[in-house]
Amino acid sequence: MNPTRTASGRFADVLAEATVAARRAGDRDRGLRFVKTALRQIDETTDPHRAAWFWLQRSRAVRYYNGTFGVPELERARRLVEGRRPSPIQADVLSRIAANGMLTGPSVEHIEVAERAAAIARQVGARTVELHALLTLGTLRCDFGEIEGGVAGLRKVCQAAAELGDPDLHCRAFINLASLLEQVGRSAEALEVAREGMEVSLQSGMIRYNGSLLAGNIAEPLIALGRHEEAARLLAEWEERPAAIIHDDFLDRLRGELALLGDDPAAAARRLTAARTGSDISQPQKSLPAADLAVRIAVRTGRFAEARSELLQALGEGFPIGFEHFCWPLLFHGVSAEADSRGLPAADAARPETLARVRSAAAALSRAVPLYEGWALLLDAELARAEGVHTPGPWLAAVEALRSTGRPYPLALALLRAAEAQAAAGARAEAGTLLREAERTGRCCGDVHLLREIAVLAERARLPLADRPVAAEPAVLPEPQDPAVALGLTARERDVLRLLALGRTNRQIAEELYISPKTASVHVSNILAKLAVTGRGEAAAVAHRMRLFPDVAATG
């Protein structure tokens, strides 16, 4: 026996244990140093399996940071074990390849790779590796429509992982199951699973490694269910903790969601920037919800061209399979920007092409669960509105589909638009019923901007809300009444807002209205306060969305 070889092997074993310990402690940089040291020591030709194991660890360490998702390292490991006898490391490499595919763009080939990994692991008695492969396999099957089977498979892995006592596997099982349940609209179940996973992570000492991801898995369903105060407390608590090894970008994006729901687009934009710069967000589970948030921020602040740009960039060559829970809302909000910007020549020119691309992308998406079907019907109705057709039928269909989902935000949106369409059609009683339900549901989802839109419609259409009765008016949306009056604007403030919507500066407004720049500035401040917005762009967006100045749309 070669004593040098034996010493090298023992050193590599020590480095392997140190690598695992560093990863579980959340010390990515130290773990990566151990891996690099080991790879310099190991002869790949005489010890390919050991070398492959370290390349696999290197892939895990760099996958969120170098823009390649660890694929080159993973391919190096695959080449080292390819064509050799079945082994635990061979199964592990195949399992990781399938898991990477699950996160970047699932395919049937990835299902086959996961099945092969599980079979090899079973053959060589590598139970932990087998369960990792089965965990990936269950998620992939769900992506391809086997939702109940996929969820059941992940629950079995959770139970088996608890019996096996492997903390890596156990935490990953909870993370994947919580994500999958949230993905298919089962937020209450997702919340319960994520909280159980957090307890396991705490007890096993892995909280710095995967705690941020589990915190996001808890906060995301809380937000979806309208429990914003709980989500905000959790996210604030995690902001005070030391930086985690991965997924702080997930928490920043969720903080941005809460900021926008609280009608603070500037804060939302700051959080979005932090999320997009915090790590590599090229994988769809990061890039798609970030694009959706960017679209909504742009619409809220009147930057319709930017909203379209974000949408088209996200569309790219089409969406990957398995990300419908992000894709449907993104398409809807992108089309909302198109509907709200109707009449602006700069936006009108490219609208048909944009809507055609949305329809093409939507046709390829699954509608397999009630939440997807509800968003799909919302999108159908919004596409019609973007083309100038705003009738009650499509919105009412979306309302009925969304009632069973337990998601207050899309339901409140559908109710508001249905009420708006009914009022315009002269169905005053139906509009009032829908609008009152929209307000109740809107209070549950906590979207301040949405609640303001509901209140404005109630004032314009003279539809009484539960806590703010309004005198009866004609049975149609009152066109003769200036909507600016309902917003509490004086005649002079209306004139200022019109010029502001045309992009005029305070000095230009003063010159056109024969007032001083200081007076113009005071009027602008009063307008922002009455519209409850924070900037000129938002005020212009409100003016355009409510069609306060048709001539501005025609010339602007």
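**Exercises on helix packing, burial and ring pairs**

The axes of helix H3 (residues 48-62) and helix H4 (residues 71-81) come within 8 Å and cross at roughly 165 degrees. This is a predicted model, in which local features need pLDDT of at least 70, side-chain atom pairs count only at pLDDT 80 or more, and totals for chains, interfaces and linings use all residues. Residues are numbered from 1 along each chain as its sequence is written, and side-chain values use heavy atoms, with hydrogens and water left out.

**Exercise 1.** Classify the crossing of H3 and H4.

Step 1. Axes are lines fitted to C-alpha atoms, for helices over the stretch in contact, with angles from 0 to 180 degrees between N-to-C directions. Helices (H or I, at least four residues) are DSSP runs, numbered from the N terminus.

Step 2. Angles under 35 degrees count as roughly parallel, over 145 as roughly antiparallel, 65 to 115 as roughly perpendicular and the rest as oblique. H3 is therefore roughly antiparallel to H4.

Step 3. Contact (heavy atoms within 4.5 Å) involves residues including Trp55 and Leu56 of H3 and Leu74 and Leu80 of H4.

**Exercise 2.** Classify the crossing of helix H15 (residues 284-300) and helix H17 (residues 324-340).

Step 1. The two axes come within 9 Å and cross at roughly 20 degrees.

Step 2. H15 and H17 are therefore roughly parallel to each other.

Step 3. Among the residues that meet are Leu288 and Val295 in H15 and Phe326 and Leu330 in H17.

**Exercise 3.** Check the length of helix H20 (residues 370-386) and state how it is enclosed.

Step 1. The expected span is 1.5 Å times one less than the number of residues. For the 17 residues of H20 this gives 24 Å, and the end C-alpha atoms are 24 Å apart, which agrees.

Step 2. Buried means under 20% relative accessible area, exposed over 50%, and partly exposed in between (1.4 Å probe, protein chains only). In H20, 14 of the 17 residues are buried, so the helix is largely enclosed by the rest of the structure.

Step 3. Just after H20, Gly388 takes a positive phi of about 90 degrees.

**Exercise 4.** Classify the ring pair of Trp53 and Phe54.

Step 1. Rings of Phe, Tyr and Trp (its six-membered ring) pair if their centres lie within 6.5 Å; planes under 30 degrees apart count as stacked, over 60 as edge-to-face and the rest as tilted. The structure holds three aromatic pairs.

Step 2. The ring centres of Trp53 and Phe54 are 4.9 Å apart with planes at 85 degrees, so the pair is edge-to-face.

Step 3. Trp53 is partly exposed at 22% relative accessible area, while Phe54 is buried at 1%.

How values were computed
Helix = DSSP H or I, 4+ residues; strand = E, 2+ residues; numbered from the N terminus.
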